[in-house]
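Please read the following report alongside the sequence and the three-dimensional view.

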Amino acid sequence: MAGAMAEPEERLGDGGPGRLYLLVFERGSSWMFELPCRGDVVIGRGADVELRLSDPSVSRRHAVARVHPDGVVVDNLGQDGTLVNGERILRGCRLRVGDTLRICDAMLVLYESALPGPAPAPVVSASDLARGGLAVFGTRKIGRRTVTIADPAMIRLYSLIDRLAAVDLPILICGETGSGKELAATAVHERSPRGDGPLVAVNCAAIPETLLESELFGYERGAFSGAVAAKAGLFEAASGGTLFLDEIGDLPLSVQGKLLRVLETRRVTRIGDIREREVDVRLVAATNRDLQDEVVRGRFRKDLYYRLSGGTLVVPPLRERMNELPLLAQALLSDARARAGTRPMSLAPEAIAELSRHAWPGNVRELKNVMEYLAAAHPETTLGAAHVAARLELRAAPANPWPRAHGEFQPIADELRELETRRMREALEATGWNQTRAAELIAMPVRTFFAKVKQYGLMKR
């Protein structure tokens, strides 16, 4: 639990005249509250408090933020339902930039801006989100990660995950590349009665077609050249738990039929064997493709699609859950700085506004890539709008938007090759150098992408 205030070792920011704000998410809307340079800010529902919340479960005088030149300390005034970074506070607890303060169903995030000028406008406008069923904000531990949930779409998703996880049926997770399908699969496993069993994950697009069947179902000694010993497949390895098949849309038709039989019989036959082995496995699959369209085109078996989609989850893209953007960006930035062993870094409200104007075609994975770059490239402890804009414009800038003078032309094949190389590199950066997902991001056949990565020398440096 968060405990008593300790003596501060350093200022919240870089020692400059930074302004502190609380970014408030409450009942489907968000807004900025500027903190004074010094003094107490009482938070509650009463008419006489400085920061007034409308949630009826909040007390009239629920908590107080005590602002000093060297930090902010929050005290819960003896009321329940006050947490800092997900932990209930007992006594005064110091807040650092990026920390989250939850008071009942409201979430407040501490931000610092070192930029001059008037107080910034709210960075997230969501006045009608309440009609979408927004009921709670909070965090959830999924595997080794803590996930912040601050958008109605994600609240509904994880509520559905909790309900479907309890029922032992196959789950199909749909969503764009980088949107968080693997996290959803992990949540299904952990919230299910199989949570204490193994979770085995495999990317169907990352394993060559000739090896995929042996990886899934296993093989006996001598089944083929190189099989010097028997090996259990992933179904057997996941017995008693969950098998997560990512990129299920890339599964070859020859393997789809065998997968369907395993799902229907709960038995697996290793390559080179005639014995069937019972497996107790829950299957969770994920795809960024439209499997119904794949069925129509004859690339995916209709019977397997119906078997997999007993329970379907759709992970919304980042552009449809922008309420989470400030929290995700700050969390990713803080994590990158912590791993690098450098001083904490915060996002100015103006920088968050700049981030919110980007479409994020690569979703959370692209956001992570951008925040890691900003964390490494800038020595400042507060990122402004210019830092963010420069990085986003660099990623989107065309090679040469101006007409060329006579003599500056080059063969069109060379120019197309340059464009292709640049787009492939951008896709690799946005997907964390996952070649399969990068190929999908720019709609290039996977095998073509693999070959051109070698051709152009696009290796991670």
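The sections below describe the model element by element.

## Basis of the description

The model is predicted, with local features requiring pLDDT of at least 70 and side-chain atom pairs counting only at pLDDT 80 or more, whereas totals for chains, interfaces and linings use all residues. Residues are numbered from 1 along each chain as its sequence is written, and side-chain values use heavy atoms, with hydrogens and water left out.

## The five-stranded sheet

Five strands form an open sheet in the order β15-β18-β21-β14-β22, with parallel pairing. Strands here are DSSP runs of E with at least two residues, numbered from the N terminus, while helices are runs of H or I with at least four; two strands count as paired if DSSP finds at least two bridges between them.

Strand β15 pairs with β18 over five bridges in the parallel sense, and A201 stands opposite F244 of β18. On to β21, β18 is joined by four bridges, again parallel, with R282 in β21 as the bridge partner of T242. Four bridges also link β21 (residues 282-287) to β14 (residues 171-174) in parallel, where I173 faces A286.

Strand β18 (residues 242-246) is largely enclosed by the rest of the structure, because five of its five residues are buried, that is, under 20% relative accessible area, as against over 50% for exposed and in between for partly exposed (1.4 Å probe, protein chains only). In a regular strand, side chains alternate between the two faces of the sheet. In β18, T242, F244 and D246 are buried on one side, and L243 and L245 on the other.

Helix α9 (residues 349-356) is mostly covered, with seven of its eight residues buried; among them are P349, A351 and L355.

## Surface and cysteines

Helix α12 (residues 412-430) contains L419, which is partly exposed at a relative accessible area of 35%.

The number of disulfides, taken as pairs of cysteine sulfur atoms within 2.5 Å, is zero. C37 is exposed at 75% relative accessibility, whereas C104 is buried, with a relative accessible area of 16%.
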